[in-house]
Amino acid sequence: MQRKRRYFSLLLFLVFLLYACLGCGATAHQQTESSASPNATPTETVVPVQTEAPTPEESVPQPTETVYPATEAPPIEAEASPAPQTEPPAVHFTVLEPQADGVAEKRAGKAVIDYSHVDDGYVMVQKLKESSKRFKVQIKKGGETYTYNLPETDWAVLPLSLGDGKYNVGVYENVSGTKYASVVSVSFDAVLSDPFAPFLRPNLYVNYQNAPQTVEKGGELTAGLSGPLQKVDAVYAFVVGTLNYDYVQAATVESGYIPKLDRVLKVKRGICYDYAALMTAMLRSQNVPCKLIFGYVGKAYHAWISVWVDEEGWVDAIYFDGVSWQRMDPTFASSGGDDETIKALIGDGKNYAEKYSY
């Protein structure tokens, strides 16, 4: 009996022990679930990863910015090309300077004649000593004679305006009144290398060797122009529009007057000789054959120009109005304006009578 009680007590103990083990397992499982982060401290709060769009304050760029996707480059604005700068036309001019080479010359004690370049249409004459007496030079061909006053000591360039042929050049010294004695003379045959040669170079009456401002201005006026008549028109318009006729000078001018071209350009006034010489110098320096003409317009002694035109030859009129060549007399055009009397005098050239050309 006592043995049965002992077994029954043992069985109760085993049942109690089993129940106790099952209760401890449940409590341990609950504690594991509540500890999701093994490193979390009691003060940490684990927040889920943010997947929503940022707030408007975070996504709006500054007003001057533009946000581009990472794979898209911002457009490159083409820089405005600077406006093309037009270079002014180049200024060109030519001064064919005469030379006294001494290759062919004739001299005496008081003067020398250099005729080394007769093929270029000129001779050069010089006084060898200063003298209070007047010296003159005469150039003769056929029955025509050109007479010049010889300046003191400087070389005088004298054109062979009469073209090819046999010339005689003589220097004369004044002895009394209107009487002159021969100093030196020479004769020669001239064959011009270019029929325009005498009218493309400076000479005593159209001296632009020492007139750089005149030559430069001629180059400026004709820059970019190719045709001779275009150049004539540009120079003519400038002279007529710039110079004023000097009536005081016209009333007091002395015999032997020769224009100083740069001075004429500066003071902007002169007489017919000044107008014509200024135009002639500018055109010759542009390789445009041009004659300085002295002669008569009606009964008045006058100076004007003549220009070579391929279609017509030498013409005193230098523009074509569609019907006939019309004269462009720089002096009358400047001083006469729209005066009908002046226009009638200019006319078609019939009132002009040439006497000398230089």
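The largest nonpolar core in this predicted model has 58 residues. A nonpolar core here is a set of buried Ala, Val, Leu, Ile, Met, Phe, Trp, Tyr and Cys residues joined through side-chain atoms within 4.5 Å. Buried means under 20% relative accessible area, exposed means over 50%, and partly exposed is in between, with a 1.4 Å probe and protein chains only. In soluble globular proteins, nonpolar side chains tend to be buried together.

Two remarks on method. Residues are numbered from 1 along each chain as its sequence is written. As the model is predicted, local features need pLDDT of at least 70 and side-chain atom pairs count only at pLDDT 80 or more, while totals for chains, interfaces and linings use all residues; side-chain values use heavy atoms, with hydrogens and water left out.

Back to the core. Which residues have the most contacts inside it? They are Leu158, Val171, Phe188 and Leu283. The largest share of the core, 10 residues, comes from α7. Helices (H or I, at least four residues) and strands (E, at least two) are DSSP runs, numbered from the N terminus.

Leu283 also belongs to a helix pair. Among the residues of α7 that meet α4 are Leu278, Met282 and Leu283; on the α4 side they include Val232, Val235 and Phe238. Contact means heavy atoms within 4.5 Å. Leaving aside neighbours within four places in sequence, Leu283 is in contact with residues including Lys231, Val288 and Ile305. Helix α4 (residues 228-242) and helix α7 (residues 272-284) pack at about 145 degrees, with axes 10 Å apart. Those axes are lines fitted to C-alpha atoms over the stretch in contact, and angles run from 0 to 180 degrees between N-to-C directions.

Next, Glu173, in strand β7 (residues 165-176). Is Glu173 buried or exposed? Glu173 counts as buried, because its relative accessibility is 9%. Its side chain makes a polar contact of 2.8 Å with that of Lys110. A polar contact is a pair of N or O atoms within 3.5 Å; within protein, one must be able to donate a hydrogen and the other to accept it, and residues adjacent in sequence count only if both atoms are side-chain atoms.

Last, two loop residues. Lys268 lies between α6 (261-267) and β10 (269-270), and its phi is near 60 degrees, a positive value in a residue other than glycine. Lys268 is partly exposed, at 40% relative accessibility. Asn287, between α7 and β11 (290-297), has a positive phi of about 65 degrees and is not a glycine either. Asn287 is exposed, with a relative accessible area of 52%.
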